[in-house]
Amino acid sequence: MRTKRVVLMASIVLCSAGLAMGQTVWQDHPDCPILGPGESGEWDEGGRAVTTVVFDGTTHHMWFVGITLEDNVTDIGHATSPDGVAWTMDSANPVLTRGAPGEWDENGLYTAVVIHDGTQFHMWYEGDDADLISRGGYATSPDGSVWTKYAGNPVMTEGPPASWDTRGVGPKTVIVDGDRYRMWYHAYGGSPVRGTRIFTAESADGITWTKHGPPVLDHSTSGWDSVWIANPAVVFDGSTYHMWYTGTDAWPASFKSIGYASSPDGLTWTKFDGNPVVESITGYAYAHAVVFDG
């Protein structure tokens, strides 16, 4: 069973860490959880998992994976907040839905990353086909609610047999760096390189991506992140790249911890000696988003 299938079938949604006292010391907000499952009968009654948060200068926008209770399929919802704590659901939810039978994303939508360029929102998201192969799609929106999928999707695909990403890819962070887009994503390997690892890619237009391997962050040889690592949330503060990522030491996977790593260039990363920096008291800490407010 795929790791994300295990994670997203769970109906528990953990609030991401709240107030940052630094890159490595985190404190849960007293109002956690700030987002719970939808009401009975709603499309996301099985749970909501935050995937990305964007502050546009006045409003916090959150996009989250919503899980149906009956068959555990997933689509993407949208919520807004003035302070990042009290959230209002978008009346148009879900704002991005899985494809029709036979399409590349028919089985569900998962991780998504969104940026705002001052004019519109851009989203890169992970979708599964019927064989649970993950690929990356692209969509745009003027308001974060009404989305148009790119006609040429998917814009990122799996690698050849026996490669690092033979089972697919999942976009998680995109940063505009000068005249290029930089992406950090997790990839799913098959035999003989099973597991998830974190990679980087770049693009001139956000559509045609060049992958760079080998992984920029791999499993540790022992300890809490020795089996799988995924979901790289990357923030650049002007001089240093900061990454928070989920890890596990067990299979079937139970992502219960978040680690931190830093890099001068986004390519060579150093894991924090005191990892993990967030551990879930419920034993579940898969999805997270980090916003740096300056």
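A salt bridge is counted where a side-chain nitrogen of Lys or Arg lies within 4 Å of a carboxyl oxygen of Asp or Glu. In this predicted model, a search of the whole structure returned 11 salt bridges.

One of these joins the side chains of Lys-211 and Asp-165, with an N to O distance of 2.6 Å. Lys-211 belongs to strand β14 (residues 209-217), whereas Asp-165 sits in the loop between β10 (148-149) and β11 (168-177), so the contact ties together parts that are 46 residues apart in sequence. Lys-211 is partly exposed, its relative accessible area being 31%. Asp-165 has a relative accessible area of 9% and is therefore buried, because the limit for a buried residue is under 20%.

A salt bridge was also found between the side chains of Asp-218 and Arg-197, at 3.2 Å from N to O. Here Asp-218 is located in the loop between β14 and β15 (228-236) and Arg-197 in strand β13 (residues 195-203), so the pair links parts that are 21 residues apart in sequence. Asp-218 is partly exposed, at 28% relative accessible area, while Arg-197 is buried, at 9%.

The side chains of Arg-180 and Asp-177 form a further salt bridge, with an N to O distance of 3.2 Å. Arg-180 is partly exposed, with a relative accessibility of 27%, and Asp-177 is partly exposed as well, with a value of 26%. Both residues take part in a network of salt bridges that links Asp-177, Arg-180, Arg-182 and Glu-202.

Notes:
Residues numbered from 1 in each chain as written. Predicted model: local features only at pLDDT ≥ 70, side-chain atom pairs only at ≥ 80, totals over all residues. Heavy atoms only, no water. Helix = DSSP H or I, 4+ residues; strand = E, 2+ residues; numbered from the N terminus. Buried < 20%, exposed > 50% of the residue type's maximum accessible area, 1.4 Å probe, protein only.
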